[in-house]
Every structure is written in C-alpha cells, then in structure tokens.
Amino acid sequence: MKFDDSLWKAILEDLFADFLRFFFNNADAVFDMKKGFEYLDKEMAQIAVEANPESPKYVDKLVKAYTREGNEQWVLVHVEVQGYTDPHFEERMFTYYYRIFDRYRQRITAIVLLTDRDRKFHPTAYHSEFLGTKIQYQFNTYKILNQSEEVLQKSRNPFAFVILTALLALQRSRLTDKALLDLKLALARHLLERNFSKPAIRGIFYFIRYYVAFANPENDSKFDSKIDSFTPKIRHMGIVETIKERETQKILERGIEKGKI
C-alpha cells in the first residue's frame with residue numbers, strides 16, 4: 001500500500017463521524033454516532049480481490065455504522081478514494097455493491113472521493129440494459145478538484161481541512177517548496193485556530209504534514225519548527241508524539257512488507 005493510501009485510511013478512521021456529517025446534512029439524525037463504527041478492512045480487501053484479482057490496490061473503506069431506527073439495524077458505508085481516471089470505475093463500484101450486499105444483506109451507501117486531476121472524469125452511476133432487463137446503480141461522488149477553498153475554509157466541519165489539504169496536493173506541481181511551506185503553515189495555523197477536538201487536530205495535522213510532500217525533505221523540519229513556534233497550545237496536544245508514533249508504525253509496516261521484520 002502506498003503511504004498516501006495509508007494516510008487516507010487513517011484520516012477516515014480518525015474523523016469518520018465528521019466525514020459522515022460533511023456529506024450528509026442529516027447525519028446525526030440518521031446515524032447513532034455514540035455506538036461508534038466497525039471498520040471492515042479485511043472483509044473489504046477480500047471482496048476487492050474477489051471482484052478483480054488483477055486490479056491494483058485502492059483506498060477502499062467498508063464501515064459498519066448504526067442507525068437511530070432502533071434494534072440492530074445498520075448500514076454499510078462504502079468509501080472510495082479514486083486518484084486517477086478509470087474507464088471501468090462504474091462497473092467496479094457496482095461489483096462491490098452486489099458483493100457487499102450478497103455477503104451482509106444490509107443497506108449500503110457508497111461515497112466516492114475523486115482526488116484526480118481530470119475535470120472530465122466524474123463517474124456517478126453504472127448502467128446496463130439488455131432485452132428489457134435494466135440495472136442502474138447510482139452512488140455519491142465528490143470531486144475535490146471542483147471545490148471552493150473559500151467555502152471549505154468557512155466550514156465548521158474538521159473534514160473540510162482534509163479536503164483543503166487534498167486541494168493543495170492538486171496544486172503541488174505548480175508550487176515551489178517555499179510557496180508550499182507558506183501554504184501548509186497557513187493551513188495548519190487556521191486549523192489550530194479552530195475549536196476542534198484534540199484528536200481531530202492531531203489527525204488532520206499529520207495529514208497536512210505528510211500528504212503534500214516537499215521536494216526537499218529538509219523542509220519538513222522547517223515546517224515542524226515553525227508550527228512549534230505558533231503557540232504553546234500545540235505542545236499540549238500530543239501532535240509531536242502522534243507524528244513519532246505513526247512514523248514508527250510506518251517503518252514497521254514497511255519492514256513487514258519487505259520481509260525484514
């Protein structure tokens with residue numbers, strides 16, 4: 001798995017309640033957030049392999065979320081992060097849908113985050129029709145390239161900062177390291193000014209730091225130094241500890257993948 005993929009998986013788990021609120025205005029009326037979520041990563045990985053053993057790995061998240069309807073009713077929230085154009089994307093989404101439904105027999109909502117640079121690529125549904133038999137599978141999509149920074153900056157939802165970071169990544173090829181440093185610092189400063197929870201700030205900060213990389217890695221140290229000078233508040237949020245912890249985990253994962261551990 002690419003490091004960017006692991007960053008998306010981590011931030012989705014860090015902010016999943018806010019993620020639901022970001023895309024559904026009535027999320028708190030639909031979902032029982034207090035019951036938490038169950039991340040079915042192993043199950044989703046198996047479904048993906050069954051659907052297409054030769055396909056590359058994607059950032060697929062399958063999450064069990066409880067509703068407020070009472071009893072033990074729940075929905076499966078299928079999240080895709082699609083970073084490039086794929087002519088077979090709609091069919092793959094439909095394949096995932098019927099395999100997930102066949103396995104769990106539960107209601108499903110699918111959300112696709114499109115992180116690619118192609119404005120023309122915006123899949124929304126799978127269609128198939130033959131001799132009076134018709135299928136149409138429609139899913140939720142969100143094209144990051146088309147979003148407004150101004151609107152996102154006014155949002156009170158922490159997940160807006162994840163989208164702002166992804167927007168910055170789409171601009172990366174046109175930016176010098178100096179310009180990128182200034183923009184990342186401005187985004188981090190704006191984040192620290194918000195009254196978000198400490199865990200949310202830690203997760204988003206980590207995403208900002210690593211998702212948009214500098215050409216010269218030495219600028220990471222400059223970024224950390226500048227952030228540390230912003231305010232004493234940051235020292236009490238465990239951000240540095242979170243970075244060290246996740247860096248250690250990343251090294252361990254890479255060692256396991258290469259068979260060194």
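This is a guided tour of a predicted model, one selection at a time.

**The whole chain**

Start with everything shown as a cartoon. The chain holds eleven helices and seven strands. Colour by burial next: of the 261 residues, 48% count as buried. Residues 24 or more positions apart account for 67% of them.

**Helix 7 against helix 8**

Select residues 159-171, which form helix 7, and residues 177-193, which form helix 8. Two packed helices are described by the angle between their axes and the distance between the axes. Here the angle is about 175° and the axes are 11 Å apart. Helix 7 and helix 8 are therefore roughly antiparallel to each other.

Show side chains at the contact. Helix 7 brings F161, L164, T165, L168 and Q171. Helix 8 answers with L180, L183, K184, L187, H190 and L191. By class, this contact has seven nonpolar, three polar and one charged residues.

**Helix 7 against helix 9**

On the helix 7 side, pick F161, V162, T165, A166 and A169. On the helix 9 side, pick I204, F207, I208 and Y211. The contact of helix 7 with helix 9 has eight nonpolar residues, one polar residue and no charged residues. F161 and T165 of helix 7 are in the list for helix 8 and also in the list for helix 9.

**Rings in helices 9 and 10**

Switch to aromatic side chains. The whole structure has 25 aromatic pairs. Select F205 and F223 for one of them: the ring centres are 5.7 Å apart and the planes are at 25°, so the pair is stacked. F205 lies in helix 9 (residues 198-211) and F223 in helix 10 (residues 218-230), so the pair ties together parts that are 18 residues apart in sequence.

Y206 is buried, with a relative accessible area of 3%. Y210 is also buried, at 13%.

**Charges over rings**

The charged end of K184 sits over the ring of F223, 5.1 Å from its centre.

Then select K64 and W74. The charged end of K64 sits over the ring of W74, 4.8 Å from its centre.

**A cluster of rings**

Select F89, F94, Y97, Y98, F101, F121, Y126, Y137 and F139 together. Ring pairs link these residues into a cluster.

**Helix 2**

Move to residues 16-23, which make up helix 2. This helix is mostly covered, with six of its eight residues buried. Which residues of helix 2 are buried? They are F16, A17, D18, F19, L20 and F22.

Finish in the loops. Select G70, in the loop between strand 2 (59-66) and strand 3 (74-82). G70 is partly exposed, with a relative accessible area of 30%.

The last two stops concern backbone angles. Most residues other than glycine have a negative phi. R105 has a positive phi of about 55° although it is not a glycine. Find R105 in the loop between helix 5 (89-104) and strand 4 (107-114). R105 is exposed, with a relative accessible area of 54%.

L131 also has a positive phi, near 50°. Look for L131 in the loop between strand 5 (125-130) and strand 6 (133-138). L131 is exposed, with a relative accessible area of 73%.

Terms used: Residues are numbered from 1 along each chain as its sequence is written. This is a predicted model: local features need pLDDT of at least 70, side-chain atom pairs count only at pLDDT 80 or more; totals for chains, interfaces and linings use all residues. Side-chain values use heavy atoms; hydrogens and water are left out. Rings of Phe, Tyr and Trp (its six-membered ring) pair if their centres lie within 6.5 Å; planes under 30 degrees apart count as stacked, over 60 as edge-to-face and the rest as tilted. Helices (H or I, at least four residues) and strands (E, at least two) are DSSP runs, numbered from the N terminus. Buried means under 20% relative accessible area, exposed over 50%, partly exposed in between (1.4 Å probe, protein chains only). A charge sits over a ring if NZ of Lys or CZ of Arg is within 6 Å of the ring centre and within 35 degrees of the ring normal. Axes are lines fitted to C-alpha atoms, for helices over the stretch in contact, and angles run from 0 to 180 degrees between N-to-C directions. Angles under 35 degrees count as roughly parallel, over 145 as roughly antiparallel, 65 to 115 as roughly perpendicular and the rest as oblique. Contact means heavy atoms within 4.5 Å. Ala, Val, Leu, Ile, Met, Phe, Trp, Tyr, Cys and Pro count as nonpolar, Asp, Glu, Lys and Arg as charged, and the others, Gly among them, as polar.
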